[in-house]
Amino acid sequence: MDLLTVETFARPTDDDALRALQPTLGADRTLLGGGTWLFSVPQPHLAGVVDLAGLGWEPLVAAGDGLTVAATTTLAALGDVDPSSYPAWPAVASFRGCAEALVGSRKVRQVATVGGNVCLALPAAPMITLAAVLDATATIWLPDGRSRTAPVVDLVAGPQRNALAPGEVLRSLHLPAVALRARTALRKASLSPLGRSAALLAGRRGEDGFVLAVTASLPRPAVLRYDDVPTAGALAADVAAAGETVGGGWYDDPHGSPAWRRAMSLLFAEEIRRELGGTG
Amino acid sequence: MTGPTTVDGVPLDATPRPGQCLRTWLREHGHHAVKRGCDAGDCGACTVLVDGAAVHSCLYPAVRAAGAAVTTAAGLPEGPDDPRPRFAAAAGFQCGFCTAGMVTTAAAAPGPPSDPTARGRALQGNLCRCTGYRSIADALDGRATVDAGPAGAVGDSVPAPAAERIVRGAEPYTFDGEAPPGLAHLVVVRSPHAHARITRIDTRAAVALPGVLAVLTHENTPSVLFSTARHESRLDDPDDTRVLDDVVRFHGQKVAAVVGTDLAAAEAGARAVVVDYEPLPAVLDAETARAAPPIHDGKTASRIADPARNVVAALHEGVGSIDAGVAEARAAGGAVVTGTWRTGRVSPASLETHGSRAWLDDDGRLVVRSSTQVPFLVRDELARVLGRPPESVRVLTARVGGGFGSKQEMLTEDLTALATLVTGRPVQWELTRTESLTATPTRHPMRVAVTVAARPDGTLTALAIDVLSDAGAYGNHSPGVMFHGCHESMALYRCANKRVDAEAVYTTTPPSGAFRGYGLGQVQFGIESALDDLARELGLDPFELRRRAVVRPGDPFVASADPADHPDDLAFGSYGLPECLDLAQAALARDGDPAPTGPTWRVGEGMASTMIATIPPRGHRAQAVVALDAGRYRVRVGTAEFGNGTATVHTQIAASALGARPDQVELHGGDTDAVDVDTGAFGSTGTVVAGTAVARAAEALAGELRDKAAARLGVAPADCTLGPDGVTAADGRRVDLADLSGARGEGAHGGSPRSVAFNVHAVRVAVDTATGEVRILRSVHAADAGVVINPQQCRGQVEGGVAQGIGTALYEEIRLDDAGRVTTRVLRDYHLPQFADVPRTEVLFADTVDALGPFGAKSMSESPYNPVAPAIANAIRDAAGVRPRRLPMTRDRVWELCREADLPE
């Protein structure tokens, strides 16, 4: 829809231009990633947008220490990565499932960005799930020209609340090689076959142990870590405990009751545990 | 910028506004193949290709399209990959509002048919509310189902006259076509309270803003009470509504309307209106409404049953004795079933939202172009509200982008008309999707308690319902919905002892209104579920119980009153119910998807049968005029086309009666200038009432043409044959049509007597007791539509009704929070069935000929919806042993039922 109060549309084409604009960002001037959420609801508080699409950031940069995903990479581009191109990184196979967990169509995924999905901080945001299970680190540009890094999951403060300060820009997500070398498993519950995630759980098992990300069923992600695959009882107890503590309890919105979300989270945690080699 | 932006190959040299999306930029420059269904990236009606990639143009910043090649449905390359001819050949649309987005989406991913899962993914972002997607799948597969051959008579699958335009996005809808000069826009300020008195409205700041032309409030608009619901008799609906009121009775009610030179000015004005409220007690629960403070106190002349108790309408009557019937069943060793069922608040959600555009014509007459099913009824009530003579108002429609009953209301025309009269300018108001979901009428939520008893052989001895219907804040269709819901649902069954206790009550929630089935679906969910339990207790097959319990020709239609006390004009014009039961039962036993494997999956079957009167009671009028002009037949009839397919059917009926080809027939409808009277297209009357009027007019004209030609040729009219080229005598001499110009025929129908139509739905489902997932493995629907005038189109109506039934059964619910605010405000949160959600349904027609309908036809638009939810509920019961009692039967609720029953997790 039209953003009728927006009067300025800045489109920096290099990093310096963006850096110069960062201090102007605030309550009435925001970053435009893909625009698939920003243009989907009225934004009467906005007077201007700063479009990131002209910066030409390289979507994916692979190096020995892992994969760096530019914030402007689209969900479709990430989901279309061919796992056979990264034989050393089995976890790349989880990209597609996470991208397709978005409730939006492929037409949305072709425009929506990884950074936008993270910053929107919806419980069902699947790029947060991916980042959580793969221990992604965010690189953030500060308005004063410096940069900082932080675990991506720490950027999620609550439903549609991120922890970025005014003027900060999420530049990229770094997926460490140790996580990418792991095997992964993904499970989604929704009230309809292709609906919004009510529970989206991702697990990984690798050289640094077993990690389970519980998302969508909680207001913000819970990440459970184990040196090795836990027992069914231990995992279930931890998932249940996370539901009592993380973000104020099992999430409640029109996409599923809290009790069902809890049950699906427990069910999927166990399915993932078994898929990744858990026994007993 | 790499070069000029092109749209469909033509450069477009215009700078978009900074916050503008591609959709409005394209439409602003005349590219109206781009439709607006949601404006939020959920429905896909605005899909275009940007450099070959399909995008939702409503989400795409227009600035980003600079230098790109943009392609709309109008500009897709022709050739073997062009999906448009395939959509026309498969009739892959009904209202057609989604079609331009469907074809652009299909064009971006051409290729051979892929598996259903991939196809569901491909169409994830495209919603069709009409078809149920089978015809869209046919289009994608390249299967042709229409017959464009020359015959085009009754019984042929003639394509819709607008098909070629629809698939190119060229058929105009309400807001398509050139905007009148000086067009202003209207934006509404809405209530943030469920119930409050407005103590002050300060519009000074709004009026002072640049571009704001006027602000309408309760202080400067007529205070006349009316009903937004429209019927042939305006006395059917309670006069409890004002254009703008000083009391708001639901969260989201209109408080003020701001008219601006453009949408931005109007929205800015709306934000600047200051309103003070004195909150009043909110009444959010229908169960407690009758003991709550009155919501429409003092409206004693409004035809409200009991304003002091918040009761809009009430019905308490019966025949025989329920107690005696229950005792009889028990004494005979039969069974008695009681239970309570609840249905959800469901949005009609036509892809084109409500809206209208008003202006003054050169003679000073007020003209309103509206997205409505009832132009004539809106004209009459609008004139009444404005205090003008009806002839000073003209209401017309373009093609309407879906209605399903929701446009049997006057929801926008009053404000656009008033705004035009105040400003002197053309004014339009196009509701946003959020306004549609939060403030336009929904299906009435109902609580239905059922008692049913039978002897061991299935003979019913007692049938009683106690119904509480939630009218919401305004009464509009509540009396009609309640009476209709409690009528054919009860009258379908033979039983000496029957009772209906029903009340529709006000609450301070969004108003309920008319929606496909008009109350029957809710009540039948309860009754058909109870009958399923009864069959189980009696050890009878549910099909067999229906065979034994249903009415048959010769029986009176008894809902809750003796026909001697309530004479009716309802008759068995035909009776295909036993055949429908047989067809559905046999079809259910064959085919279907395999059941999922695993210890938590259970499989079961269920069915439900329903009846509907073919015409609403209390009068329904249509008039048609057919004139011969230069070898072409021009048909004038009041009916609007909104995906009901009447334009096709009326063309076929006229062509049949006149021995003409369909392409010789031109329809002019949906316009109060076309004919004198027309009640409108609701209650499935487009074929049986307006179609009869067209048939009569065409037959009258055919008779006149034969008479005239016979006189010229000096032979008897009976020896003359009317054909596509003229009238031919037995000896081969002919008078050409061109020589008979000026002849005309008129016809009318008054909506009585009425027949009955029947529908039986049956499904096999698999239920995952661990997750609550319900998968439909087999879906069959048998319909008694009399003679099917257009098989492809009638099948489409059935499939569309079934898909809406599946939505109601499994997915859809408008939800409110504790303050009465709707929380399902966009289509991402209000789940309309998408391609991946709807199984293929096998549609079977009973072979009957109706004695009352045109060419033996009966209505078949609303009724296919009605049996779907109870059939699915009964199948879930059969599969998992748990009885669903509340719609929708979402996965979380089915899971909860499975937990209560301690089923495998």
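The following exercises, each with a worked solution, concern a predicted model of protein chains.

Local features require pLDDT of at least 70 and side-chain atom pairs count only at pLDDT 80 or more, whereas totals for chains, interfaces and linings use all residues. Residues are numbered from 1 along each chain as its sequence is written, chains are lettered from A and ligands numbered from 1 in the order in which they are written, and side-chain values use heavy atoms, with hydrogens and water left out.

**Exercise 1. The interface**

Task: Describe the contact between chain B and chain A by residues, area and pairings.

Solution. 

Step 1. Contact means heavy atoms within 4.5 Å. Chain B contributes 47 residues and chain A contributes 48 residues.

Step 2. The size of an interface is often given as the accessible area lost when the parts come together. Here buried area is the accessible area (1.4 Å probe) that two parts lose on being put together, summed over both. For chain B and chain A it is about 3,800 Å², with 59% given by carbon and sulfur atoms. Of the area that chain B buries against chain A, 18% comes from B:Arg64, B:Arg121 and B:Arg828, more than from any other three residues.

Step 3. A salt bridge requires a side-chain nitrogen of Lys or Arg within 4 Å of a carboxyl oxygen of Asp or Glu. Between the two chains there are 4 salt bridges. A:Asp51 pairs in this way with B:Arg64, with closest N and O atoms 2.5 Å apart.

Step 4. A polar contact is a pair of N or O atoms within 3.5 Å; within protein, one must be able to donate a hydrogen and the other to accept it, and residues adjacent in sequence count only if both atoms are side-chain atoms. The rule gives 24 residue pairs in polar contact across the interface of chain B and chain A, both residues being at pLDDT 80 or more. At least two residues each on the side of chain B that touches chain A come from β4 (53-56), α4 (116-122), α8 (263-272) and α23 (891-900) of chain B. Helices (H or I, at least four residues) and strands (E, at least two) are DSSP runs, numbered from the N terminus.

**Exercise 2. B:His56**

Task: Is B:His56 buried or exposed, and which residues does B:His56 touch?

Solution. 

Step 1. B:His56 belongs to strand β4 of chain B.

Step 2. Buried means under 20% relative accessible area, exposed over 50%, and partly exposed in between (1.4 Å probe, protein chains only). B:His56 is buried because its relative accessible area is 2%.

Step 3. Leaving aside residues up to four places away in sequence, B:His56 touches A:Ser105, A:Lys107 and A:Val108, together with B:Gly41, B:Gly44, B:Cys46 and B:Gly125. The side chains of B:His56 and A:Ser105 also form a polar contact of 2.9 Å.

**Exercise 3. The helix α8(B)**

Task: Which residues of α8(B) are buried, and what covers them?

Solution. 

Step 1. B:Ala265, B:Ala266, B:Gly269, B:Ala270 and B:Ala272 are the buried residues of α8(B). Their arc around the axis is only 160 degrees, so they lie on the same side of α8(B); the arc is that of the directions from the helix axis to the C-beta atoms.

Step 2. The covering elements include β6 (184-190), β7 (196-202) and β10 (254-260) of chain B.

**Exercise 4. Backbone geometry**

Task: Which peptide bond involving B:Pro753 is cis, and what is phi of A:Ala121?

Solution. 

Step 1. Most residues other than glycine have a negative phi, and most peptide bonds are trans.

Step 2. The bond joining B:Ser752 and B:Pro753 is cis, with omega about -5 degrees. B:Pro753 is in the loop between β28 (744-749) and β29 (756-768) of chain B.

Step 3. A:Ala121, although not a glycine, has a positive phi of about 60 degrees. A:Ala121 is buried, with a relative accessible area of 0%.
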